[in-house]
Amino acid sequence: MSNKRVDLLVGAQWGDEGKGKVVDILGSNVDVFVRYQGGANAGHTVVVDGQKVVFHLLPSGMLYPGKLCVLGNGLVIDPEQFLSEISGLLENGQDRARLAVSPHAHVVMPYHKMLDKLQEEARGKGRKIGTTGRGIGPCYVDKYSRSGLRVQDLLNADILRDRLIYILEEKNQLFTKLYNQKPLAFDEIYEPARKWGEALKPYVDDTRKLLREAVDKGQHILLEGAQAALLDIDHGTYPYVTSSSTSASGAYTGTGLSPHDLTRVISVVKAYTTRVGEGPFPTEDFGEDGEKLRHNGGEFGATTGRPRRCGWLDFVALKYATELNGADTIALTKLDVLTGMGDIKICVAYELDGNKFETWPTDTGILNDVKPVYETLPGWNEDITNCKNFDELPINAQNYVKYIEQKLNVPVGLIGVGADRNQTINRGI
Ligand code: GDP
Ligand code: IMO
Ligand code: MG
């Protein structure tokens, strides 16, 4: 019998649940950290002794020297961002983990970022997705249409040249004929791409094999999801989603691990709800409560700086996300932000045209029109940011946690009471 320890950590809402912090907390017991989908659209914040580091592409375990951090095949990698994140860590004098990059990960090229912006502009008012502008959608489009460049293509100048000639011919048709832009010159793209290949080369490794060996040796692996279930390309609020499989199943395609390998799913749930970008959000609060949550929670995008839309916890959405992810345990973050909010509202159903329902609709377009049905729980005013144990929390905060456990039928194994690594209540996660 093997003693596998492969944890998958995924977001349960629309992103920014505090995944980075939870990865960092669990990190001291982890041997290998893995990112497996998405790209630099992610913004994962880690705060250690008051010092804040935001990871976009690199796994949030990078601050653990001697550990291995893997960028799996399912990722779309912007080489400039990758190299600047590494040099940022070096500049700070931070000792860091070892990195391995899959040769099969796709490369976000400058034309992907340009297309991302042009497509958003072309969508016009009312149709914009509110992307991060990081080229994610166009890069995944190229991956699936089989005209992408993979990391390994950057390592071979001849292959890169050959593929890029063909790719640019097609892209330039788009730029000139559809978007009325100047064509891209081959050398402007080829020369930097070749240099990126040289810079990436020392990190490129057979990550599937490395992970296989790590699993078989019984090493502790933590797969770090980016974005979250409701932004999933298949299961999210399409088209207001990101372009990857953000719920649990993406971890297999994005690494080459098998479904048998996974031993636990950790679902990260923020104590209220936020969303950045466009798309339906039934419990969004446009009044004082929403403003207070944004202010107290510092809800501004870690990647784009945009103010996040804020509202109360939504159990219709959360139950759906919990089913999708198959959560074994919940990491509940930002409980401290609810301090002083007065009564706490909880959405238990939606109402539309006089009909109440509690299950996530297949047509998510109707989420723009539903009215949330709220229950209310009493809040608390005591500062909880120094609480280290569950029973130190005010009774109403304890009851809120218990309510979540009951509603989702999943234990809350960890509670965040502040942004810092040590502002955490560990209930045996
Ligand atoms: P991620 O994308 O899921 O990793 O989350 P982000 O880093 O984008 O956003 C979460 C924000 O909340 C960051 O600024 C974190 O430092 C902060 N944060 C995480 N956990 C807690 C917590 O328990 N309490 C408070 N007050 N802030 C937290
Ligand atoms: P983390 O990992 C929150 C949102 C964007 C937009 C939509 C599509 O930090 O939780 P994209 O650039 O991916 O094509 O944008 O998805 N989005 C996120 N929202 N957190 C994220 O990542 C996000 N990554 C993308 O705002 O609505
Ligand atoms: Mg984030």
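A residue is near a molecule if one of its heavy atoms lies within 4 Å of it. The exercises below concern a predicted model.

**Exercise 1.** Determine how many residues surround ligand 1 and which are the closest.

*Solution.* 
Step 1. Ligand 1 is surrounded by 20 residues.
Step 2. The closest of these are Lys19, Gly20, Gly43, Thr45 and Asp336.
Step 3. Asp336 has a side-chain N or O atom 2.7 Å from a nitrogen atom of ligand 1, and a polar side-chain atom of Asp16 lies 2.9 Å from an oxygen atom of this ligand.
Step 4. On its own, ligand 1 has 580 Å² of accessible area, of which the protein covers 92%.

**Exercise 2.** Identify the protein donors of the magnesium ion (ligand 3) and state where they lie in the chain.

*Solution.* 
Step 1. Gly43 has 12% relative accessibility; since buried means under 20%, Gly43 counts as buried.

**Exercise 3.** Describe the polar contacts and the shell of ligand 2.

*Solution.* 
Step 1. A polar backbone atom of Gly43 is 2.9 Å from an oxygen atom of ligand 2.
Step 2. The side chain of Thr132 places an N or O atom 2.6 Å from an oxygen atom of ligand 2.
Step 3. The shell around ligand 2 consists of 7 nonpolar, 10 polar and 3 charged residues.

Conventions
Residues are numbered from 1 along each chain as its sequence is written. Chains are lettered from A and ligands numbered from 1 in the order in which they are written. This is a predicted model: local features need pLDDT of at least 70, side-chain atom pairs count only at pLDDT 80 or more; totals for chains, interfaces and linings use all residues. Side-chain values use heavy atoms; hydrogens and water are left out. A polar contact is a pair of N or O atoms within 3.5 Å; within protein, one must be able to donate a hydrogen and the other to accept it, and residues adjacent in sequence count only if both atoms are side-chain atoms. Ala, Val, Leu, Ile, Met, Phe, Trp, Tyr, Cys and Pro count as nonpolar, Asp, Glu, Lys and Arg as charged, and the others, Gly among them, as polar. Donors are N, O and S atoms within 2.8 Å of the metal (3.2 Å for Na, K and Ca); water is not among the atoms, so sites may look incomplete. Helices (H or I, at least four residues) and strands (E, at least two) are DSSP runs, numbered from the N terminus. Buried means under 20% relative accessible area, exposed over 50%, partly exposed in between (1.4 Å probe, protein chains only). Accessible areas come from the Shrake-Rupley method with a 1.4 Å probe; for residues, only the protein chains shown count as cover.
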